[in-house]
Amino acid sequence: MASVQFSNLAKSYGDTPIVKEINLDIDHGEFIVLLGPSGCGKSTTLRMLAGLESISGGDIYIGEELVNDLHPIERNIAMVFQSYALYPHMTVEQNIGFSLENLKVEKAERIKLVTNVAEMLELTPLLDRKPKDLSGGQRQRVAMGRAMVRSPEVFLFDEPLSNLDAKLRGQMRKEIKAMHKKVQTTVIYVTHDQVEAMTLADRIVILNEGKIEQIGTPKQIFDQPKNTFVAKFIGAPAMNIFNLSNPKIQHDFGVSMGEHNPVLLGIRPQYLYLNENEVKGVEKAAFVDVEVISSELLGASRHIKCKYQDQTLVVETASHDATVKGIVRLYFNNTQIHLFDENNNTITH
Amino acid sequence: MKISIKKDQLVAYVIVALGGVIMLAPFYFMFVFSSHSNSGILSIPPPILFGDFLVENFNTLIDFLPYFWHNISLSLFVAVVVTILNLLFCSLAGYAFAMFDFKGKNFLFVGIMATMLLPPFLGMIPTAMIMSQIGWMNDPKALIIPAACGAMGIFMMRQFIASAIPKELVEAARMDGCKEFKIYYRIIVPLITPAFGTLGLITFIGTWNNFMGPLVVMNDMKMFTVPLALRALQGTGQVPWGAVAVGAAIAVLPLIFLFMMASRRLIDGLTAGAVKG
Ligand SMILES: Nc1ncnc2c1ncn2[C@@H]1O[C@H](COP(=O)(O)OP(=O)(O)OP(=O)(O)O)[C@@H](O)[C@H]1O
Ligand SMILES: [Mg+2]
């Protein structure tokens, strides 16, 4: 177990900066998820920590130790790759035990450790198989076993579930969570799947174009996004954002254009309701009148697309609200709106 | 159960069979001639069945080439050592070019590839001069060291490693605490055996059949390789064709043996790459 610290971490390929000034403190045993759009530098950050990529600036500490120039072996980190990267010519047992072999762990001890891990991940009956004879989920578990067997200081996962189907993903998510509970090791987990991030993370780090946009618990990230990027990136469907230059919108949402001078307003589709009594936490719900354009059924919920003052707006409701047409009234709690200034940053009120 | 062969399939079989016969004919006649006297071989039409002159032909061969068995073992020794060295050095270089980033990598690679542009004959005289300078004339080293690694082999290995081994595998091994050279022999080598088979075969045959190389550095009859020795046989006034055929027949035996050993594995290797696990 160890803490991890990035201080002004940077990476560029040639003249192109990829990761810019990352500052992040990760505690012992914390489960951190790096979340961001494709190409924002998540893998690069993780690989710099692992020692697979040189760093162009800043420092990385594991525990108290500066590891900038240490070989991956010396960092005592284990990594689960997106492609699993199992050794195709070795059996499951040899795959899991390979790091122990390299550490010159005695054979009897090695077998004991591998057996324990296999037991924990339900791989015991598969120990003699080669990776090509395993299913995707089993390969994934072998990759995790290989990482767990030598009790590393830090676990790194780079999109470990993206090659699995939706059902298996859900199951593996639970197993990873359970594994973290059991071994209590620091985990840094890269994904671009919000659901994974929300369900697994103690804290989420939102990255965009090589910079940190926000660090916070899943709840903080969802309820108090720091800027429009985070607001729009987290949550599906994305948050509705309106331009406040229209006085009618200012009036409908009760925005006073006072000292902060808000430019944009946001409200989540989940916080707009068709019935007044669904609005919680206020005496009198505010409302807007909108025109329904279309509606889309997604199993248990329904997304209704509406036109509001020449802008589109999406509402998420329960699936039985099927008959909405024409002009409807949407109710909301005025404290659940977000205001942003001209730099797209949230105005705290 | 009746096996039905379609008509166009039949045509294809006939063409393949014909091609096979045409390619095998010289081998067949080589073995046949090795059992006939000179006059028998030169008669018209030539013999097509085995005769009874094999032992005499073999004795003639040994008369003309008293070191024949030494020539064979020298050839074998050189071919085996050159093959092993090529597999080692070409795979190491190919691994480095495929998996590592280092300064001047592309420049170095282009330089190595450029050596393939030079015709091998261009190097003959300089090689002979160098070898005589350092006193390696009539020494197997003169055949082994210059041939220990080649651009073609490096290229082949680089291509194979780059296509068959994902970079993440090497990185995973590195994270698993595997030292660089151990990554080579524990991860890379087991996964490139098909390429080893192909390169090994090509190198062995090329070295075994090499004529020009030994010609310029070997002038002691005892140190001749098989192609040189057989060539020496033809330099004598009346060419003993039967003896030449015996020598040639003995010379191809290792290659035939090698092919029988390797063909199965080569085919396995080629198809194993196709369905990746
Ligand atoms: N070796 C390299 N040379 C040049 N640019 C690179 C190199 N490796 C990565 N990049 C660039 O760095 C950026 C970040 O890559 P990275 O792999 O970290 O993204 P990511 O956030 O992991 O994306 P994804 O979610 O698609 O995996 C990308 O724009 C990529 O093109
Ligand atoms: Mg990535």
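Predicted model: local features only at pLDDT ≥ 70, side-chain atom pairs only at ≥ 80, totals over all residues.

Guide: Start at A:Pro237, which is found in the loop between helix H9 (228–233) and strand S11 (240–243) of chain A. Helices (H or I, at least four residues) and strands (E, at least two) are DSSP runs, numbered from the N terminus. The peptide bond leading from A:Ala236 into A:Pro237 is cis, with omega near -5°.

Residues are numbered from 1 along each chain as its sequence is written, chains are lettered from A and ligands numbered from 1 in the order in which they are written, and side-chain values use heavy atoms, with hydrogens and water left out.

Chain B has a cis bond to show you too: the one from B:Ile44 to B:Pro45, with omega near -5°. B:Pro45 sits in the loop between helix H2 (38–42) and helix H3 (54–64) of chain B. Back in chain A, the loop between S6 and H3 holds A:Ala85, which has a positive phi of about 50° even though it isn't a glycine.

Now for the place where the chains meet. Here 25 residues of chain A are in contact with 18 residues of chain B, contact meaning heavy atoms within 4.5 Å. The area buried between them is about 1,900 Å², with carbon and sulfur atoms giving 61%; buried area is the accessible area (1.4 Å probe) that two parts lose on being put together, summed over both. A:Ile73, A:Tyr87 and A:His89 supply 25% of what chain A buries against chain B, more than any other three residues.

The rule also finds 4 salt bridges across this interface, each a side-chain nitrogen of Lys or Arg within 4 Å of a carboxyl oxygen of Asp or Glu. One pairs the side chains of A:Arg47 and B:Glu171 (2.8 Å, N to O). On the chain A side, helix H1 (42–50), helix H2 (72–75), strand S6 (77–80), helix H3 (92–102) and helix H5 (136–148) each supply at least two residues that touch chain B. H3(A) gives the most, with 4 residues. Sorted by type, the touching residues of chain A are 14 nonpolar, 5 polar and 6 charged; Ala, Val, Leu, Ile, Met, Phe, Trp, Tyr, Cys and Pro count as nonpolar, Asp, Glu, Lys and Arg as charged, and the others, Gly among them, as polar.

Over all chains, the whole structure has 15 salt bridges. The A:Arg47 pair runs from helix H1 of chain A to B:Glu171 in helix H9 (residues 167–175) of chain B.
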